[in-house]
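The following report goes through the model below, beginning with a single residue and then widening to the whole chain.

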Amino acid sequence: MEINFQEVVKEYRRIQGLSVRGFAEKLTEELVDISVSGETISKWENDPNRAPDLYLFFNCITTYTDWRRSFAVDALMALMPQVFSKDD
């Protein structure tokens with residue numbers, strides 16, 4: 001079963017109890033020279049053609065040890081299912 005990126009964003013934001021702006025701020029608060037806006041988060045949730053910068057997720061994986069790392073992994077799995085596929 002493939003995961004949908006828009007649903008990953010919505011679910012993590014719901015679990016954290018954050019507004020789109022709050023989610024954007026928390027997601028990037030410790031990242032150097034990387035930020036996203038609430039508008040970007042909203043577009044991620046509502047526009048299936050909106051492609052995020054994968055660099056953000058790689059930075060989250062190497063910077064955080066909390067929910068933001070899990071979010072980044074789940075986001076990458078949704079965006080690049082072929083990379084994470086167990087079928088070879």
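## A residue and its surroundings

In this predicted model, T28 has a relative accessibility of 8% and therefore counts as buried, since the cut-off for that class is under 20%. T28 is placed in helix α2, which covers residues 20-28. Leaving aside residues up to four places away in sequence, T28 is in contact with I34, S35 and V36, and also with L56 and Y64.

## The chain as a whole

Turning to the fold, the protein chain contains 6 helices and 0 strands, and from the N terminus on its elements follow the order α-α-α-α-α-α. The radius of gyration of the protein chain, 12 Å, is close to the 12 Å that the globule rule gives for 88 residues, so the chain is as compact as a globular protein of that length. Taken along the principal axes, the box filled by its C-alpha atoms is roughly 40 × 25 × 20 Å.

Of the contacts in the protein chain between residues at least 6 apart in sequence, 57% join residues that are at least 24 apart.

| Property of the protein chain | Value |
|---|---|
| Buried residues, out of 88 residues | 36% |
| Carbon and sulfur atoms, share of the accessible surface of about 5,600 Å² | 48% |

As for charge, the protein chain carries 10 positive and 15 negative side chains, and the centres of these two sets are 5 Å apart.

How values were computed
Residues numbered from 1 in each chain as written. Predicted model: local features only at pLDDT ≥ 70, side-chain atom pairs only at ≥ 80, totals over all residues. Heavy atoms only, no water. Helix = DSSP H or I, 4+ residues; strand = E, 2+ residues; numbered from the N terminus. Rg over C-alpha atoms; globule rule 2.2 N^0.38 Å. Buried < 20%, exposed > 50% of the residue type's maximum accessible area, 1.4 Å probe, protein only. Contact = heavy atoms within 4.5 Å. Areas by Shrake-Rupley, 256 points an atom, 1.4 Å probe, with all protein chains shown as cover. Lys, Arg positive; Asp, Glu negative; His and termini not counted. Charge placed at Lys NZ, Arg CZ, Asp CG, Glu CD.
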